[in-house]
Amino acid sequence: MPQTTPDQAHIRNLANAIRFLALDAVQAAKSGHPGLPLGMADVATVLFSHFLKFNPAEPHWPDRDRFVLSAGHGSMLLYALLHLTGYPQMTLDELKHFRKVGSRTAGHPEYGHADGIETTTGPLGQGIANAVGMAMAERHLNARFGSDLVDHKTYVIASDGDLEEGISHEAISLAGHYKLKNLIVLWDDNSITIDGATSLSTSVNMDQRFQSAGWLTDNCNGHDAADVFRALTAAQKADRPVMIACRTVIGFGMTGREGTQKAHSDAPGEEVVAATRKQLGWNYPPFVIPDDLMNQWRATGAQGERPFADWNARKAASGQAREFDDAMGGLLPPSLAQGLVALKQKIVADKTDGATRKLSEKALDVINAETKLTIGGSADLTPSNNTKTKNIEPITPEDFSGRYLHYGIREHGMAAAMNGMALHGGVIPYGGTFMVFSDYCRPSIRLAALMGAHTIFVMTHDSIGVGEDGPTHQPVEHLAALRAIPNLLVMRPADGVETAECWQIAMASPANPTVMALSRQDTVLGRDSHTADNLCARGGYVLREAPGAKLTLLATGTEVGLALKARELLKAEGIESRVVSLPCWALFEKQPLEYRQMVLGPGTARLAIEAGCPLGWDRYLGEKGAFLGMHGFGSSGPAKDVYAHFGITAEHAVQMAKDLLK
Ligand SMILES: Cc1ncc(C[n+]2csc(CCOP(=O)(O)OP(=O)(O)O)c2C)c(N)n1
Ligand SMILES: [Mg+2]
């Protein structure tokens, strides 16, 4: 990596290649955001040519620096950089098909669409919070494997919008507290958002804001290569995270639009594009990069070959190569699954019941003992979420070797940081809060699902069973709302056995995030015999069969126990019923039709019981069905009384079942 101050004209020339690829792609798509790529092209060029450790030929190199374009609307900046530096997947053709169905160049950067896109961004604020998680994962793996194998930085480009979003507060204060010295944020300080000048809506002193959270701050002229170089050089040796305010002109060079909100988005039109070519002295047709410039950019990409080779040599000599590769591959030992099966056996043998949040801790005891990959945590509800097992220690700003994070009361920041950790690799993050506050995590849960990130969200206190804390703390619509998110495994286990099974599934699902919906109140053990098979893996199964029965009781979580009780009461009256547990709808929906029909009980009347809103249950009720659950917000009182108040009782279930059978 060149250590000398870059030449302004040279950087400007390289940066103009970014500018015109971005402008031409936006113009071809007739949509997109040219303002950021044009404004930050100089900064990004200095970063990529003089600092960023990356190797386009080895895009998954674990010790690469991570580059996060938090302001995902500026996606063409990233795509142009990936193309110019030589990422094989990011062809010129992809740039020409910017924003077209099936291209790798979606409107906003999408994780998994092309190598070099480290996370999905676009919802402002998420990227910077992901980056905090990436930096945490790096620090933890550095503590575990040493600097020879893990020693990289996370760079973020964040816009005004990123820093106005509330999540940025959580991310910034978390990073500052943990002294993430490997995190460098480049703020695109252009004083413009969509509505106009930032002075319309904010008067924050950004330096003071970051400093008060424990960051170092600096600023530079984002169009002066030497100044950008100076600031980035100083940031390399920092002992805490660094924010560099890069003063830029949005849409730099875009004739008639630069420096105004008009540069932010939308195609500039042929006239403006032509005038911009003149203004910046760019005399090439659309999508044409002259050979000498292209060669210089490719040489920039090739700078990573040497550090990559050196790193490989260090790895080979380290004696840790195998363990490191296993960690980065997310490999779980067979003893983890075996341990969870043994736990199930013990639970059945001991007839263990209790709250699923506590039974979850038992499963985590096993998991955390069998793998070093898990990093647990909670948004200040550790004793309630039961997320900290005795066999793991907290991570502290001074010592990252621990495996438990006190995220503070930062649910959104926690969820996004966990996504960043999962994307970084080498760790499997799980973190808890109350289920009602899944709303505070929801934008990040959604992105985890969109990306297929291996993030595990532990959501305890999953119903009106919260009790005395009342309706503000009692989730009602949350199960339905979470189940509506595609690619998300929402698990609501009914007892200790199901809890162990659901954890096993969550751990073994690298391409799906999971929500574990866990109870505050006690459950009863539904499984009366041990099976090594994971019955929850099919999403739903028959817990109690009753040949010839005309009634099926469907339930999840704590209400499975209620269904079992109702079944006994019905039996006493001579009415047979089947009980079906449906811990994970998403997995159940993947089963063959015959299996689903068999489980749901063809031709039987169906009563579904869940202490949540009815939304979605109609799909399982068949022709003759009813739902027993919530139809409004909950109420404050002891859990048992609240259940009784809303009629979610075995006795009421019996009554409804009899009505159904009439
Ligand atoms: C959470 C969220 N809210 C709103 C938007 C829509 N949006 C896209 S960019 C933007 C703000 C643009 O200002 P800035 O972030 O400073 O970017 P610049 O125009 O300087 O590139 C908004 C409101 C979004 N992408 N994400
Ligand atoms: Mg701006």
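Is D160 buried or exposed? At 6% relative accessibility, D160 counts as buried; the term denotes under 20% relative accessible area, with exposed over 50% and partly exposed in between (1.4 Å probe, protein chains only). The model is predicted: local features need pLDDT of at least 70, side-chain atom pairs count only at pLDDT 80 or more, and totals for chains, interfaces and linings use all residues. Residues are numbered from 1 along each chain as its sequence is written, chains are lettered from A and ligands numbered from 1 in the order in which they are written, and side-chain values use heavy atoms, with hydrogens and water left out.

D160 (OD) coordinates the magnesium ion (ligand 2) together with N190 (OD1) and I192 (O), at 2.1 to 2.2 Å. Donors are N, O and S atoms within 2.8 Å of the metal (3.2 Å for Na, K and Ca); water is not among the atoms, so sites may look incomplete. Along the chain the donor spacing is D-x29-N-x1-I. D160 and N190 link distant parts of the chain, 30 residues apart. D160 sits in helix 6 (residues 160–164), N190 in the loop between strand 3 (183–189) and strand 4 (192–193). Helices (H or I, at least four residues) and strands (E, at least two) are DSSP runs, numbered from the N terminus. N190 is also buried, with a relative accessible area of 10%.

An open sheet is formed by six strands in the order 10-9-11-12-14-13, with parallel pairing. Two strands pair if DSSP finds at least two bridges between them. Strand 10 (404–406) and strand 13 (489–491) are the edges; each has a single partner strand, so one side of each lacks a neighbour in the sheet. Strand 9 (residues 374–378) is joined to strand 10 by three bridges. S378 stands opposite H406 in strand 10.

Helix 15 (residues 356–370) packs on this sheet, touching strands 9, 11, 12 and 14. Its direction makes about 135 degrees with that of strand 14. Axes are lines fitted to C-alpha atoms, for helices over the stretch in contact (heavy atoms within 4.5 Å). Angles run from 0 to 180 degrees between N-to-C directions. Buried residues of helix 15 include L359, A363, L364, V366 and I367. Helix 17 (residues 411–424) lies across strands 9, 10, 11 and 12, at about 165 degrees to strand 11.

R544 is found in strand 16 (residues 541–544). At 16% relative accessibility, R544 counts as buried. A polar atom of its side chain lies 2.9 Å from the backbone oxygen of G526.

Definitions and conventions. Polar contact = N/O pair within 3.5 Å; in protein donor to acceptor, adjacent residues only side chain to side chain.
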